[in-house]
Amino acid sequence: MYAITGVTGHVGGAAARELLAHGEPVRAIIRTAAKAEAWTQAGAQIAFADFADRTALTAAFRGCRAAFVMLPTDPSFPDPDAGHRHLADSIAGAVADSGVPYVVMLSSIGAELPDGTGPIRWLHHLETQLRRTGVTLTAIRAPHFQEKVETLLDTARDLGIYPVFADSADHPIPMVATRDIGRIVAAALTTPSPADDILALDPLTTPNARSPRNSPPSSANPSKSSPSRSPTGPPS
């Protein structure tokens, strides 16, 4: 059994669908019953838990061969740093309490740095806390999601301006489609690493890396990225 968090989102949903398509047992972890029916019909077992509920998460992870975890961003926190670190601590605590032996985590490029990276610093914290539990961890450090381009399409269509948060529109920005990340997550779950591991996804190392100026239209196939795998020891 594989426990999957974030199944109602892009990456968790893609990972769960990939596993189910290959006949693997999936425990879909969701917060509300309203979103359970589709996953029940898809063949998943359902567990209800909120990321902040360590007890419920522990029950959801218990008995599973492996778990996929991610850290959601919640803009409603009065203190974003304290709020997201609390969520990370709850997730890591549930992993420790449940005894699940292997975890795949959605992380980010830059998560090796403890600070100076904005919200990515919370992923550094989650990686650190998970390693301290003694679980075998594979951290998938992904770049920007390709689907985030969708949030800029209205501006581009209505104003004729495509916002670029870089020094130049010709500067390549690493992006990867979330369905590709989900496929990599599923592969990592079913072929666990014997030791702590990092999978770095960097499309800029492939020939089809693109800048905002020469990005393909949204109907084009997403670029494929090949992960580079490197072992890692305890964080410094």
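Visitor: How close do the axes of helix 4 and helix 5 come, and at what angle do they cross?

Guide: This is a predicted model. In it, the axes of helix 4 (residues 80-98) and helix 5 (residues 120-132) come within 9 Å. They cross at roughly 25 degrees.

Visitor: Which word describes that angle: parallel, antiparallel, perpendicular or oblique?

Guide: Angles under 35 degrees count as roughly parallel. Helix 4 and helix 5 are therefore roughly parallel to each other.

Visitor: Is the crossing of helix 4 and helix 5 left-handed or right-handed?

Guide: Right-handed, as helix 4 passes helix 5.

Visitor: Which residues make that contact?

Guide: Helix 4 supplies P80, D81, H84, R85, A88, D89, I91, A92 and V95. Helix 5 supplies R121, W122, H125, L126, Q129 and L130. By class, the contact of helix 4 with helix 5 has eight nonpolar, three polar and four charged residues.

Visitor: Let me zoom in on helix 4. Is H84 buried or exposed?

Guide: Buried means under 20% relative accessible area. H84 lies in helix 4. Its relative accessible area is 1%, so H84 is buried.

Visitor: What does H84 touch, beyond its neighbours in sequence?

Guide: Leave out residues up to four places away in sequence, and H84 touches L71, P72, T73, D74, F77 and W122.

Visitor: Which backbone oxygen does the side chain of H84 reach?

Guide: That of P80, at 2.8 Å. P80 lies in helix 4 too. P80 has a relative accessible area of 37%, so it counts as partly exposed.

Visitor: How far is P80 from W122, between C-alpha atoms?

Guide: The separation is 9.7 Å, and the two residues are 42 apart along the chain.

Visitor: What about helix 3 and helix 4? How do their axes cross?

Guide: Read the distance, then the angle. The axes of helix 3 (residues 54-61) and helix 4 come within 8 Å and cross at roughly 45 degrees. That makes helix 3 oblique to helix 4. Helix 3 passes helix 4 in a right-handed crossing.

Visitor: Which residues of helix 3 and helix 4 make the contact?

Guide: From helix 3, R54, L57, T58 and F61. From helix 4, S90, I91, G93, A94, V95, D97 and S98. By class, the contact of helix 3 with helix 4 has five nonpolar, four polar and two charged residues.

Visitor: Now the pair of helix 1 and helix 7. At what angle do the axes cross?

Guide: Roughly 55 degrees, and the axes of helix 1 (residues 10-21) and helix 7 (residues 178-190) come within 7 Å. That makes helix 1 oblique to helix 7. The crossing is right-handed.

Visitor: Which residues meet there?

Guide: H10, V11, A14, A15, E18 and L19 in helix 1 meet a set in helix 7: T178, R179, I181, G182, R183, V185, A186, L189 and T190. By class, the contact of helix 1 with helix 7 has eight nonpolar, four polar and three charged residues.

Visitor: How far apart are A187 and A15 along the chain, and between C-alpha atoms?

Guide: They are 172 residues apart along the chain, with C-alpha atoms separated by 8.8 Å. A187 is found in helix 7. At 39% relative accessibility, A187 counts as partly exposed.

Visitor: Last, the whole chain. How many helices and strands does it have?

Guide: Seven helices and 10 strands. Of its 236 residues, 44% count as buried. For contacts with a separation of 6 or more, residues 24 or more positions apart account for 71%.

How values were computed: Residues are numbered from 1 along each chain as its sequence is written. This is a predicted model: local features need pLDDT of at least 70, side-chain atom pairs count only at pLDDT 80 or more; totals for chains, interfaces and linings use all residues. Side-chain values use heavy atoms; hydrogens and water are left out. Axes are lines fitted to C-alpha atoms, for helices over the stretch in contact, and angles run from 0 to 180 degrees between N-to-C directions. Helices (H or I, at least four residues) and strands (E, at least two) are DSSP runs, numbered from the N terminus. Angles under 35 degrees count as roughly parallel, over 145 as roughly antiparallel, 65 to 115 as roughly perpendicular and the rest as oblique. A crossing is left-handed if the near helix is turned anticlockwise from the far one by less than a right angle, and right-handed if clockwise. Contact means heavy atoms within 4.5 Å. Ala, Val, Leu, Ile, Met, Phe, Trp, Tyr, Cys and Pro count as nonpolar, Asp, Glu, Lys and Arg as charged, and the others, Gly among them, as polar. Buried means under 20% relative accessible area, exposed over 50%, partly exposed in between (1.4 Å probe, protein chains only). A polar contact is a pair of N or O atoms within 3.5 Å; within protein, one must be able to donate a hydrogen and the other to accept it, and residues adjacent in sequence count only if both atoms are side-chain atoms.
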